[in-house]
Amino acid sequence: MTKPDETPTSPLLKLPAWPNIDFSQFGPVDMKPMSRIQTLVSSVMARNWVSIPHVTHHDEADVSTLTTARRELSESSGVKITPLPYLVKAAVAALKAQPKFNASIDATGRNLVYKQYFHIGIAVDTPAGLLVPVIHDADKKSIPEIATELAELSEMARTKGLPMDKMSGGCFSISSLGSIGGTAFTPIINAPEVAILGVSKTYEKPCRNGEAIAWKDMLPLSLSYDHRVINGADAARFCVDFAEALAEPESLAK
């Protein structure tokens, strides 16, 4: 029997060697080296995928009132505001309601560290690979402030790259494919975080409104969570809290 202070070696982690194949035997090929960022991200992603028991909960949020509220705030603030700052603020609201999502397993694997701060990472697709800048203290910043900071960090990520202090300390991450498409996906958790939220493209959905049918704008949600820390009911509650916050965008702008 394994003692509590021992770490068992799982045969599932003894992976076979990667296939070494001469692809040119099948036809013409072109070989290009992976970027330094791609190499680093791929190793971290592989570690996170095999080390964390992922489960993905799929849901959706009614964002019918978000577009109008966003445009009005853009006009009044003079700042171009995308839906992302609202997603950041809604994530903060859900993290406050569900503190387990704002925790991390420590290096010993025996303790949960509950954070009293709210730093939200945003996955950014760059020519060199995926980077995740972090909005620190998102709970203390307004929607226009977050929009401005996101634009600056995203531009920096795509052009100069980001220093480590701009990518450190995240509590929870958001990966958005909304401007591209898709209906659902399974985002990989960014350890030592315990969850990550993927959002896909908003679509129109007919919903019953009394005897009539009303069309609503629905945002698909894909919440991947660490099943060592979070259970299915927790994930469902988190998505409910997140959706409720997005349904009242004016409250997020205060």
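Some conventions before the content. The model is predicted, so local features need pLDDT of at least 70 and side-chain atom pairs count only at pLDDT 80 or more, while totals for chains, interfaces and linings use all residues. Residues are numbered from 1 along each chain as its sequence is written, and side-chain values use heavy atoms, with hydrogens and water left out.

Overall numbers, then. The chain has 6 helices and 11 strands; these are DSSP runs, H or I of at least four residues for helices and E of at least two for strands, numbered from the N terminus. Along the principal axes, the C-alpha atoms fill a box of roughly 60 × 55 × 40 Å. Of the 254 residues, 37% count as buried. Buried means under 20% relative accessible area, exposed means over 50%, and partly exposed is in between, with a 1.4 Å probe and protein chains only. The accessible surface is about 15,100 Å², and 56% of that belongs to carbon and sulfur atoms. Those areas come from the Shrake-Rupley method with a 1.4 Å probe; for residues, only the protein chains shown count as cover.

On contacts, meaning heavy atoms within 4.5 Å: among those with a separation of 6 or more, 62% are between residues 24 or more positions apart. On charge, the mean positions of the 25 positive and 28 negative charges are 3 Å apart. Lys and Arg count as positive, Asp and Glu as negative, and His and the chain ends are not counted. Each charge is placed at NZ of Lys, CZ of Arg, CG of Asp or CD of Glu.

Now the core. In soluble globular proteins, nonpolar side chains tend to be buried together. Here the largest nonpolar core has 50 residues. Such a core is a set of buried Ala, Val, Leu, Ile, Met, Phe, Trp, Tyr and Cys residues joined through side-chain atoms within 4.5 Å. The residues with the most contacts inside this one are Tyr86, Ile120, Phe172, Leu223, Phe242 and Leu246. Elements giving two or more residues to this core include helix 2 (66–77), strand 4 (120–122), strand 8 (172–176) and strand 11 (212–226).

Which helix gives the most to this core? Helix 3 does, with 8 residues. Helix 3 covers residues 84–97, and its 14 residues reach 20 Å from first C-alpha to last, close to the 20 Å expected. The expected span is 1.5 Å times one less than the number of residues. Since 10 of its 14 residues are buried, helix 3 is largely enclosed by the rest of the structure. Tyr86, Leu87 and Ala90 are among the buried ones.

Those three residues come up again from helix 5. Leaving aside neighbours within four places in sequence, Leu246 is in contact with Ala61, Asp62, Val63, Tyr86, Leu87, Ala90, Leu219 and Leu252. Leu246 is one of the buried residues of helix 5, and so are Asp234 and Asp241. The buried residues of helix 5 pack against strand 1 (54–62), helix 3, strand 8, strand 9, strand 11 and helix 6 (249–252). The 15 residues of helix 5 should span 21 Å, and the end C-alpha atoms are 21 Å apart, which agrees.

Helix 4 (residues 143–159) has 17 residues, and its span of 24 Å agrees with expectation. Its buried residues include Ile143, Leu150 and Leu153. Ala151, also in helix 4, is partly exposed at 49%. After helix 4 comes Gly161, with a positive phi near 95°.

Last, the loops. Asp137 is in the loop between strand 7 (134–135) and helix 4. Its phi is positive, about 50°, although Asp137 is not a glycine. At 29% relative accessibility, Asp137 counts as partly exposed.

The loop between strand 8 and strand 9 holds Pro192, and a cis peptide bond joins Ala191 to Pro192, with omega about 10°. Glu193 is in that loop too. Is Glu193 buried or exposed? Glu193 is buried, with a relative accessible area of 5%. Leaving aside neighbours within four places in sequence, Glu193 is in contact with Ser104, Gly170, Cys171, Phe172 and Ser173.
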